[in-house]
Amino acid sequence: MIRLPAPSRPAYLRLVRASAGYDLVVTAGFATPWTYALLHGALSRLGGALGLGGLPALDPIQILYANLMGSVVVVWALLRLIRPQPAHGRYDAVARGLFAAWQAYALAHGATRLLWLFLVVEVAFGLAQILPWWAGRRVPPLPHATGATMGG
């Protein structure tokens, strides 16, 4: 059985930092138009070499959205690296759930299968960060049968 670190434990904060480190490495290239152009080419070549498909040609709107996403994720990753808190893991898990949903949507609508590599990591980090919260939630006890009736 896999033992999940409680959100209050140092091991959980290491997990929050690890997910932040991954995000920083993976998304820093999306943060500027110049780095995104380089990353776009590299990802297209990788997708082609692996037989997963390349990325569509660059256009200004795609670059804008890539830069917006990259900038926000880089700032979020830096916060979690510098000042990790248990709540950051929970919020990051929710964000990863949203990212995974939109990646799955894109895959279902013909996006490059290269996206699977990112989707798997999103789901893994999301589950790793949310399951300790879910496992630690308090479930209210069932009322004892005392023979009392409702309202009385």
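Colleague: At what angle do helix α1 and helix α5 pack?
Modeller: About 160 degrees, with the axes of α1 (residues 10–27) and α5 (residues 115–135) 11 Å apart. That makes α1 roughly antiparallel to α5, a label for angles over 145 degrees. Axes here are lines fitted to C-alpha atoms, for helices over the stretch in contact, and angles run from 0 to 180 degrees between N-to-C directions. Helices are DSSP runs of H or I, at least four residues, numbered from the N terminus.
This is a predicted model, where local features need pLDDT of at least 70, side-chain atom pairs count only at pLDDT 80 or more, and totals for chains, interfaces and linings use all residues. Residues are numbered from 1 along each chain as its sequence is written, and side-chain values use heavy atoms, with hydrogens and water left out.

Colleague: Which residues in α1 meet α5?
Modeller: Y12, L15, V16, A18, S19, Y22 and V26. On the α5 side they meet residues including F118, F125 and W133; contact means heavy atoms within 4.5 Å.

Colleague: New topic. Which residues make up the largest nonpolar core?
Modeller: F30, Y36, L43, L52, A66 and L114, 6 residues in all. A nonpolar core is a set of buried Ala, Val, Leu, Ile, Met, Phe, Trp, Tyr and Cys residues joined through side-chain atoms within 4.5 Å; buried means under 20% relative accessible area. Apart from it lies another core of 5 residues, among them Y12, L15, V16 and F125.

Colleague: And Q103, buried or exposed?
Modeller: Buried, at a relative accessible area of 12%. Q103 sits in helix α4 (residues 86–108).

Colleague: What does Q103 touch?
Modeller: L115, F118, L119 and E122, not counting residues up to four places away in sequence.

Notes:
Helices (H or I, at least four residues) and strands (E, at least two) are DSSP runs, numbered from the N terminus. Angles under 35 degrees count as roughly parallel, over 145 as roughly antiparallel, 65 to 115 as roughly perpendicular and the rest as oblique. Buried means under 20% relative accessible area, exposed over 50%, partly exposed in between (1.4 Å probe, protein chains only).
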